[in-house]
Amino acid sequence: MPLLSESPLCPICLSQIEDAIHMMVSCPMKKETWKAGQAMLLKPIVNPLLIWQVITFQSLPRSNKELQASIPDLITYGRILQVIWSCHWQVVFDQATWSHANAMNRLRNSECYRKNVEGEEGRKEVQTTD
Ligand SMILES: [Zn+2]
């Protein structure tokens with residue numbers, strides 16, 4: 001296990017200096033996962049940098065009502081972040097290559113997918129049988 005990275009470059013794209021923002025949202029490979037992940041989980045596609053500002057508490061809804069309404073989105077963003085985090089460390093520690101398909105499979109197998117997507121489908125099926 002490496003104790004210290006030998007290079008300041010992102011281990012995924014190998015083209016930019018890796019800081020926290022690049023690691024979680026700005027890397028081109030992760031941007032792709034953020035956008036496809038939001039689409040898969042039936043959320044409007046929001047710029048990952050704006051999501052980063054929300055999940056790091058730099059920008060939050062002002063009113064309690066707006067904050068409460070944003071909780072399902074925050075849970076979805078949290079799940080995408082968790083998938084990106086685990087796939088990132090898989091690349092670093094297992095010397096794997098970044099796989100967008102692997103990230104999307106992890107997201108598809110999540111509780112969040114079942115709630116956001118299959119839950120929606122379930123409700124639609126109930127509505128069409130009435
Ligand atoms: Zn990168």
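Student: In what order do the elements of the protein chain run from the N terminus on?

Tutor: They run α-α-α-α-α-α. This is a predicted model. The protein chain has 6 helices and 0 strands.

Student: Which residues of helix 4 meet which residues of helix 5?

Tutor: From helix 4, Arg79, Ile80, Val83, Ile84 and Cys87. From helix 5, Asn102, Ala103, Arg106 and Leu107. By class, this contact has 6 nonpolar, 1 polar and 2 charged residues.

Student: Which residues of helix 5 are buried?

Tutor: Ala103, Arg106 and Leu107 are buried. The cut-off for that is 20 or more other C-beta atoms within 10 Å of the residue's own.

Student: Why are the buried residues of helix 5 said to line one face?

Tutor: Look down the axis of helix 5. Its buried residues fall within an arc of 100 degrees, so they line one face of the helix. On the other side of helix 5, Ala101 and Asn105 are exposed. Exposed calls for 12 or fewer such neighbours.

Student: How many of the protein chain's residues count as buried?

Tutor: Of the 130 residues, 21%.

Methods
Residues numbered from 1 in each chain as written. Predicted model: local features only at pLDDT ≥ 70, side-chain atom pairs only at ≥ 80, totals over all residues. Contact = placed C-beta atoms within 7 Å. Helix = DSSP H or I, 4+ residues; strand = E, 2+ residues; numbered from the N terminus. Nonpolar A, V, L, I, M, F, W, Y, C, P; charged D, E, K, R; others polar. Arc of directions from axis to C-beta.
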